[in-house]
Amino acid sequence: MSYVGSVQKRLRHGQGTYTFPGGYYKYTGEWHHGKMHGHGIFFLGDGSTYEGNFVDGEIQGSGLRRWPDGTTYSGEFFRGEMHGEGALIASSGKKYEGSWRDNQYSGYGELVEPDGMTYEGTFERHKPHGLGKKVYVWLCTLFCERLECVQSPSFADKCVYEGMWSDGLSHGQGRWVSPDGASYEGSWAHGLRHGPGKAKWTTGLLYDGNWTHNIRDKITKCFAITRLAMDGTTPDEAPLVFREEPPPAPPVP
């Protein structure tokens, strides 16, 4: 334990450097009546640092935190924790900018994952919660009763979900769109299509009805969209006509 700097009434006051007992922590900066107060730099034994504002011995206000692996956080702190508005750039490539509470994403923010996935909206305890938009780096195909996804070889192929979230899962009203033209708009529950919703497949098939845990109601039929060419029009200009999808042929004995 050692201190080198200004003293007033036998208390650290003004500019000074203090090495804490054991040598793991060290602070250099402003002091006020024996407490770290004002601008300073706090060094930790693992190589990480904090530079910024202190209030009555606590890391509080605006500052910059650096970790040994290159991760940085620049923003607001409260009692030593990331709290308020700030931006994190992780060594893994993850980036987050927005609101924090108790060291966690909380409130409105923008997140970019190392694989290119992005989310913009509200968070609670590090997870999407409330209204938000997520862009997945996955190419998804919607089948009549299931949603299948594979990792996309191109960042141009991205699925998008925009709507309500709860605890990191789509929950409530939302719309999912795939780059191949498939889409679903309606009710979600815990990440699954659940309740009334409209689905469109790349084959032209439509379904507007109820869903239960990602499975469509068996009673309601799917519909197909066809374009009927009319005199003086091209197929693309022809009106949309809805027809019931014919039932499957019986098996051959």
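1. Buried here means under 20% relative accessible area, exposed over 50%, and partly exposed in between (1.4 Å probe, protein chains only). By that rule Tyr119 and Trp165 are both buried.

2. The model is predicted, with local features needing pLDDT of at least 70 and side-chain atom pairs counting only at pLDDT 80 or more, while totals for chains, interfaces and linings use all residues. Residues are numbered from 1 along each chain as its sequence is written, and side-chain values use heavy atoms, with hydrogens and water left out.

3. Aromatic pairs are counted for rings of Phe, Tyr and Trp (its six-membered ring) with centres within 6.5 Å; planes under 30 degrees apart are stacked, over 60 edge-to-face, the rest tilted. The count comes to 25. One of them, Tyr3 with Trp31, is edge-to-face at 5.8 Å centre to centre and 85° between the planes. Tyr3 lies in strand β1 (residues 2-8) and Trp31 in strand β3 (residues 25-32), so the pair ties together parts 28 residues apart in sequence. Strands are DSSP runs of E, at least two residues, numbered from the N terminus. Tyr3 is partly exposed at 22% relative accessible area, whereas Trp31 is buried at 5%.

4. Tyr119 and Trp165 have ring centres 5.6 Å apart and planes at 85°, so this pair is edge-to-face. Tyr119 belongs to strand β11 (residues 118-124) and Trp165 to strand β15 (residues 159-166), so parts 46 residues apart in sequence are tied together.

5. A charge sits over a ring if NZ of Lys or CZ of Arg is within 6 Å of the ring centre and within 35 degrees of the ring normal. Arg12 lies over the face of Tyr18, 4.2 Å from the ring centre. For Arg193 over Tyr184, the distance is 5.8 Å.

Notes. Helices (H or I, at least four residues) and strands (E, at least two) are DSSP runs, numbered from the N terminus.
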